[in-house]
Amino acid sequence: MSRVCILGVGSPSGDDQAGWLTVDALLDLGIRTGGGIVIEKLDRPGSALIPLLGSTAWLILVDAMQGEGETGQIQRFDQTDWPHYGQGLSSHGLGVIDALMLAGELGSLPPRLELYGIEVGGTTPGSSPSRAIRAAATRLASTIADQLARSF
Amino acid sequence: MTESLRSVSIHVPVLARVEGEGALDLRIDNGVIAELRLRIFEPPRFFEKFLEGHHYSEIPDMVARICGICPVAYQVTAAQALEKLFGVELDPWARAMRRVFYCGEWIQSHSLHIHLLAAPDFFGCSSAIELARIAPEEVRRGLRIQALGNELMDLFGARSVHPVGIRIGGFHAAPALSRIQAMRDKLRAALPEAEALVRWAARIQLPPDDQAFISVALRHPTDYAIEAGAIAASDGLLIEAESYDDHFAERHETHSTALFSTYHQQPYLVGPLARLNLNRDRLPEGIKALLAETGFTLPSRNIFHSLLARAVEILLALQEALRLLDHYTMPESPWVPVIPRAGVATGCTEAPRGLLWHRYEMDDDGRVVSARIVPPTSQNQGRIEEDLRLSLLNFGLDQPDEALRLHCEKVIRNYDPCISCATHFLRMRVERT
């Protein structure tokens with residue numbers, strides 16, 4: 001069991017890389033897998049997310065989100081305050097919130113869970129992420145790094 | 001006393017998102033179905049054009065992108081077709097491992113469909129999340145089996161989604177013996193879970209249903225057909241993939257961008273129940289005994305037995321993978337050399353959702369001149385419409401609108417079409433006249 005698991009969820013579709021970029025920014029800050037920390041990029045994991053949840057004491061999950069905010073706006077959700085989620089944006093499978101809800105029903109959620117959503121703009125397959133998303137990922141990585149520094 | 005017959009119009013405008021967009025239109029005039037149309041817009045059609053001009057070596061990776069759930073089916077079918085044209089004789093190792101790779105896809109795809117998409121319908125649940133409240137152990141077991149299927153795909157494909165392991169002539173690499181040994185242990189451990197899954201699926205109360213339909217599936221001389229075989233139909237047809245066009249036709253319908261397939265001008269069923277109906281004699285004796293114990297008799301005319309058929313095929317795929325990996329040795333080379341030649345290549349395998357047929361015209365340099373891909377969902381489209389019509393009549397057209405909509409969704413999801421993920425999020429508009 002890891003002390004903390006940081007997962008960046010995304011796809012190679014423009015701003016949908018927000019979670020991956022956050023992981024890249026954390027790596028740039030010197031945060032690596034090891035010493036009780038697991039840091040990983042996931043490509044639309046669907047239900048494969050669930051087994052990962054039960055093996056950590058603290059999960060930090062970063063994903064792109066489409067809400068009503070400006071592109072690059074970061075929102076933090078805690079253990080129960082998940083955004084309303086009506087219809088998935090990903091293809092053919094469970095979205096992140098669906099997987100978390102299913103894991104919750106199965107008693108597989110970690111004791112501590114933080115979900116970060118980064119508001120995205122364009123998600124055209126194959127396109128590059130926008131400057132706003134890159135900047136948001138860097139900001140969020142700093143926030144997470146500060147959290148880790150305070151906790152360990 | 002006279003009872004006035006209802007007139008109802010149900011439109012389900014969005015059935016799907018990325019893997020295929022679909023909709024359902026149902027109009028009942030004075031107690032009679034006046035219109036019933038399943039509209040599906042299948043992305044795989046675009047790929048046929050994308051493939052033109054590409055070198056044969058690129059084809060397995062390109063066609064893997066057609067579907068995130070059944071990429072192996074597309075890869076193996078394309079490879080089978082091109083290897084046949086190029087006169088490639090696969091090494092026995094590669095031939096066996098192709099089947100193992102395919103088993104992984106059946107296991108993950110079937111488990112996904114049973115537990116996350118179809119089963120909630122039969123327990124009065126709107127989603128797998130609700131199902132997990134009343135059957136947590138069964139859902140956990142389903143997720144474990146699905147994960148094992150993904151792991152098996154990852155073993156040979158380097159990743160489970162859009163794997164990259166297959167090349168024309170074999171595989172790019174052979175997994176190390178240590179990884180195979182670890183996989184064998186997991187497969188063996190999963191067998192009792194899969195047996196329990198079959199028993200559980202057999203106990204699910206299904207809607208009564210009795211329909212006459214033609215089953216179409218591959219049939220192999222000795223094995224339960226997965227990655228190889230001739231095309232068979234329940235009326236006795238047995239043909240090679242090259243003769244597909246002599247018996248099957250695709251046609252456009254104005255209400256759908258997907259093609260409708262017919263067999264001798266009739267709709268037909270492909271998929272797990274069609275496979276079991278046609279290949280029940282190819283099941284291992286242990287599985288036959290288990291089915292006899294559960295009381296599941298074949299052939300079945302209840303299309304809702306598709307869920308149980310998927311459970312049976314999960315058990316079969318686990319057993320097959322274990323059998324084929326039992327005496328695994330590292331090959332001298334995981335692939336054999338290929339020399340391309342011009343001509344027409346056809347291939348056919350059993351994707352999780354049913355028969356998948358490919359045809360490629362290749363030039364002298366081994367580049368695609370034209371491609372044609374007939375996926376299972378478009379083959380089942382006519383059958384789904386026919387089934388909806390029959391099962392709605394059986395269900396009762398005087399049922400409330402919401403009940404009608406849910407029943408339609410249940411029927412559609414039962415086929416596990418590529419739009420199945422979205423059919424859990426059906427949005428509908430009801431108009432009364």
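Chain B holds 13 helices and 14 strands; helices (H or I, at least four residues) and strands (E, at least two) are DSSP runs, numbered from the N terminus. This is a predicted model, in which local features need pLDDT of at least 70 and side-chain atom pairs count only at pLDDT 80 or more, while totals for chains, interfaces and linings use all residues. Residues are numbered from 1 along each chain as its sequence is written, and chains are lettered from A and ligands numbered from 1 in the order in which they are written.

**View 1. Chain B as a whole.** Of the 433 residues in chain B, 49% are buried. A residue is buried if 20 or more other C-beta atoms lie within 10 Å of its own, exposed if 12 or fewer, and partly exposed in between, with C-beta atoms placed from the backbone. Among the contacts in chain B with a separation of 6 or more, 72% are between residues 24 or more positions apart. Two residues are in contact if their C-beta atoms, placed from the backbone, lie within 7 Å.

**View 2. An open antiparallel sheet in chain B.** Three strands of chain B form this sheet in the order 11-12-13, with antiparallel pairing. Strand 11 (343–351) and strand 13 (368–374) of chain B are the edge strands, each pairing on one side only. From one strand to the next, the twist averages 15 degrees. Helix 3 (residues 71–86) of chain B packs on the sheet, where it touches strand 11 and strand 12 of chain B, and its direction makes about 145 degrees with that of strand 11 of chain B. Axes are lines fitted to C-alpha atoms, for helices over the stretch in contact, and angles run from 0 to 180 degrees between N-to-C directions. Two strands pair if DSSP finds at least two bridges between them.

View 3. Eight of the nine residues of strand 12 of chain B are buried. Nine bridges connect strand 11 of chain B with strand 12 (residues 354–362) of chain B, the two running antiparallel. Thr346(B) has Arg359(B) as its bridge partner in strand 12 of chain B, and Cys348(B) has Trp357(B). The hairpin from strand 11 to strand 12 of chain B passes through two residues. Strand 12 of chain B is also joined to strand 13 of chain B, antiparallel, by six bridges. Arg359(B) has Arg372(B) as its bridge partner in strand 13 of chain B. Five residues lie between strand 12 and strand 13 of chain B in their hairpin, and Gly366(B) in the turn has a positive phi of about 80 degrees.

**View 4. Helix 9 of chain B in its surroundings.** Helix 9 (residues 272–279) of chain B is largely enclosed by the rest of the structure, because eight of its eight residues are buried. The buried residues include Pro272(B), Leu273(B), Arg275(B) and Asn279(B). The buried residues of helix 9 of chain B pack against strand 6 (216–219), strand 7 (230–233), helix 11 (306–325), strand 11 and strand 12 of chain B.

**View 5. An exposed arginine in chain B.** Arg133(B) lies in helix 5 (residues 128–134) of chain B. Arg133(B) counts as exposed, with 12 C-beta neighbours inside 10 Å. From C-alpha to C-alpha, Arg133(B) and Val8(B) are 34 Å apart in space, and they are 125 residues apart in sequence.

**View 6. Helix 1 against helix 4 in chain A.** The axes of helix 1 (residues 18–28) and helix 4 (residues 131–151) of chain A come within 8 Å and cross at roughly 50 degrees. Helix 1 of chain A is therefore oblique to helix 4 of chain A; angles under 35 degrees count as roughly parallel, over 145 as roughly antiparallel, 65 to 115 as roughly perpendicular and the rest as oblique. Among the residues that meet are Leu21(A) and Ala25(A) in helix 1 of chain A, and Ala137(A) and Ile144(A) in helix 4 of chain A. The contact residues divide into 11 nonpolar, two polar and one charged, where Ala, Val, Leu, Ile, Met, Phe, Trp, Tyr, Cys and Pro count as nonpolar, Asp, Glu, Lys and Arg as charged, and the others, Gly among them, as polar.

**View 7. Strand 3 of chain A between two parallel partners****.** Seven of the eight residues of strand 3 (residues 58–65) of chain A are buried. Strand 1 (residues 4–10) of chain A runs parallel to strand 3 of chain A and is joined to it by four bridges. Cys5(A) stands opposite Leu59(A) in strand 3 of chain A. Strand 3 of chain A pairs with strand 5 (residues 112–119) of chain A in the parallel sense over eight bridges. Trp58(A) stands opposite Arg112(A) in strand 5 of chain A.
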